[in-house]
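Trainee: Could you take me through this model, one question at a time?

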Amino acid sequence: MFSLIKKVPNIDFISKRNYAFILSAILAAIGIFAFVMISVGKGNMGIDFAGGVLVQGHFSQSVDINQVRDAVTGEFPEAQVNQVTDFSGGNAFMVKTKRPETEQEGAEKIKRIGEIIRTKFAGNTFTVDRESIIGPAVGEQLRKDARLAILLSIAGIMVYIWFRFDFRSGVAATVAMVHDVLAVLGIFFLLGLEFDLLVLSALLTLAGYSLTDKVVVYDRIRENLRKFRTRAEFVPCINRSINETLSRTINTSTTVIVVVVMVFIGGETLRNFALALVLGVAIGTYSSIFVASPIIAEWEARSPKRFK
């Protein structure tokens, strides 16, 4: 198997934990602020959460996306126009606008978008393939469901790690995973990027990746603790475990990032989704090394107790 690291390194990661804890605390604080703002609908919410209208259709002839975007945003400045690259008919576009106050207003927006496109591109037939309206009440319900999904996922993962390893590992893995999700959420909020169901899917996906990565490290720590169970070797044992799994961690992360970057350049529709995954994989790798395992080391130092 190809490996970026030919030899097992001997890096003292645990000694850098205080610096990592400071950095992670800043990322988490930004993420918590972003979570609160998004929960009350103050972030850059997609139409899934804020409510809005969606029109998807295709032209009979080739059209530049900038021409379509200029035509629609002339009357609806907040509209988002994306090209649907995987549509079998080709020349397909998706137009989204936010926050109709009523369903009637949404229907009028859909009708007006169609009129604008057909007027601007007379002679190039535009066929509507899909249209939908999401009212503000539906968006609010989706935000509640999203919060519930995230909280239930976190609780389930914590219980799983608790039973598989021990309570401390469960808490440490959960803290690191929440840190990863909050960090990505905070970066998205600071950059003003749109938060929609695709980004939510990316956050839940990276939570799973984060967990898998930490389970690999914890498995190695448990194996090594069985070999070196004396108290004096606890921290060296954790360092040894991180170093031994470092190649696997970096290889997996590199592979995932390369695949995701290919998706990232494949189209604007998936751009935020891909960006969330790239950030999540990078931050998840960092937290596996500098957050999850150091938390256990710090806990053990303050309250000595052996792994089971």
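Trainee: Which helix gives the most to the nonpolar patch?

Mentor: In this predicted model, local features need pLDDT of at least 70 and side-chain atom pairs count only at pLDDT 80 or more, while totals for chains, interfaces and linings use all residues. Residues are numbered from 1 along each chain as its sequence is written, and side-chain values use heavy atoms, leaving out hydrogens and water. Val159, Trp162, Phe163 and Phe167 form the patch on the surface, with about 450 Å² of accessible area together. With three residues, the largest contribution comes from the helix spanning residues 136-164, α5.

Trainee: Is Val159 buried, partly exposed or exposed?

Mentor: Val159 lies in helix α5. Buried means under 20% relative accessible area and exposed over 50%, with partly exposed in between (1.4 Å probe, protein chains only). Because its relative accessibility is 40%, Val159 counts as partly exposed.

Trainee: Why is strand β3 described as largely enclosed, and how many of its residues are buried?

Mentor: In a regular strand the side chains alternate between the two faces of the sheet. Both faces of β3 are covered, with Ala92, Met94, Lys96 and Lys98 buried on one side and Phe93, Val95 and Thr97 on the other. The strand (residues 92-98) is therefore largely enclosed by the rest of the structure, the buried count being seven of the seven.

Trainee: Which residue stands opposite Lys96 in β3?

Mentor: Two strands pair if DSSP finds at least two bridges between them. Strand β1 (residues 52-59) runs antiparallel to β3 and is joined to it by seven bridges. Opposite Lys96 stands Leu54.

Terms used:
Patches are made of residues with over 30% relative accessible area and no salt bridge: like charges are joined within 9 Å, nonpolar side chains (Val, Leu, Ile, Met, Phe, Trp, Tyr) within 5 Å. Accessible areas come from the Shrake-Rupley method with a 1.4 Å probe; for residues, only the protein chains shown count as cover. A salt bridge is a side-chain nitrogen of Lys or Arg within 4 Å of a carboxyl oxygen of Asp or Glu. Helices (H or I, at least four residues) and strands (E, at least two) are DSSP runs, numbered from the N terminus.
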